[in-house]
Amino acid sequence: MSDTKAVQVFRIVIKASAQAIWEAITKPEWTERYGYGGRVAYDLVSDGRFSHGASPEMKSFGLPDEIIVGKVIESDPPRKLVQTWHPLFDPATTAEPHTRLTYEITEHDGVCTVTITHDATNAPKVATMVSGGGDPQQGGGGWPWILSDLKSLLETGKRMAGS
Amino acid sequence: MEDDRVFKALADPTRRMLLDLLFQRDGQTLKELQVEIDMTRFGVMKHLRILENVGLVVSKRSGREKLHFLNPVPIRAIHDRWIDKYSEHRLSALGALKRELERKG
């Protein structure tokens, strides 16, 4: 595998309203239902705090209560969310600088395009982790896997088979 | 069906080469990509547009430039839908057979 680029882009089309997708990203009752689970807490104002809590399963493996933290840079519901993103669940990535994450949601003809731009400049281990080249069951699914699971949940009410 | 369009987009060697180039270095301009491919700018543009339409490539403006990024999400979906389901077990069985035969040979 070549070096993971600092800026990575992930895009998926979801048949759901922009509001539903916004809530699935920013509300804990949604985030615990897809991806790696865990409840988020967002203060959706400029400089507001962000944290992603560990799921009960993660806690049982000894992970900290907050696995990802950051600050909100821009919140324009339900279209755009810019924030910093800093993992705390693994020393190698925690040692790297904070990264910048942008969610963009555009609605057209009853479907939405969701684009994640993750700028992991000077944080190569974070970049590799979120790129999704690994086994999803071992935590290596990255954004491609999390977005695919979000799509399944919003479109069918169920998560992807086997996850 | 979404998969059909992705498979059709992947069926062309120039388009696969464009994806390989973006895998090596993400976020390239049309001009940079054209240098690597023996084809007119118009031809490369046409292939990039097909890749963009099926979501394998995402373009973003950065100042005056348009940068092209590889979007791994549709490839992940194909992997989960096709490779995982049918082949992983068989591939690992073939891998074990190959190792066994080579050890004997």
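**Inside the sheet**

Let's begin with one pair: Ser51(A) has Val69(A), in E4(A), as its bridge partner. Before I go on, some housekeeping. What you're looking at is a predicted model, where local features need pLDDT of at least 70 and side-chain atom pairs count only at pLDDT 80 or more, while totals for chains, interfaces and linings use all residues. Residues are numbered from 1 along each chain as its sequence is written, and chains are lettered from A and ligands numbered from 1 in the order in which they are written.

Helices (H or I, at least four residues) and strands (E, at least two) are DSSP runs, numbered from the N terminus. Two strands pair if DSSP finds at least two bridges between them.

Back to our pair. Strand E3 (residues 49–53) of chain A and strand E4 (residues 66–76) of chain A run antiparallel, with five bridges joining them. Next, E4(A) pairs with E5(A), again in the antiparallel sense, over six bridges. Here Ile68(A) stands opposite Pro87(A) in E5(A), and the hairpin from E4(A) to E5(A) goes through three residues.

Keep walking across. Strand E5 (residues 80–87) of chain A is joined to strand E6 (residues 99–108) of chain A by six bridges, and the two run antiparallel. Which residues of E6(A) take part? Gln83(A) has Leu101(A) as its bridge partner there, and Lys80(A) has Glu104(A).

Then comes E6(A) against E7(A): nine bridges, antiparallel. His108(A) is bridged to Val111(A) in E7(A). These two strands form a hairpin with two residues between them, and Asp109(A) in the turn has a positive phi of about 50 degrees.

**What packs around it**

Buried here means 20 or more other C-beta atoms within 10 Å of a residue's own, exposed means 12 or fewer, and partly exposed is in between, with C-beta atoms placed from the backbone. Just after H5(A), Gly132(A) takes a positive phi of about 85 degrees.

Over in helix H1 (residues 18–26) of chain A, the buried ones are Ile21(A), Trp22(A), Ala24(A) and Thr26(A). Their cover includes E1, helix H2 (28–31), E2, E6, E7 and H6 of chain A.

**Zooming out**

In total, chain A has six helices and seven strands. Of its 163 residues, 34% are buried. The C-alpha trace spans about 45 × 35 × 35 Å along its principal axes.

**And chain B**

Last stop, the partner. How many residues of chain A are in contact with chain B? It's 17, and they meet 15 residues of chain B. Strand E1 (7–14) and helix H6 (142–156) of chain A each supply at least two residues of the side of chain A that touches chain B. E1(A) gives the most to that side, with seven residues. By class, the side divides into nine nonpolar, six polar and two charged. For the classes, Ala, Val, Leu, Ile, Met, Phe, Trp, Tyr, Cys and Pro count as nonpolar, Asp, Glu, Lys and Arg as charged, and the others, Gly among them, as polar.

That's it from me; over to you.

Note on methods. Contact = placed C-beta atoms within 7 Å.
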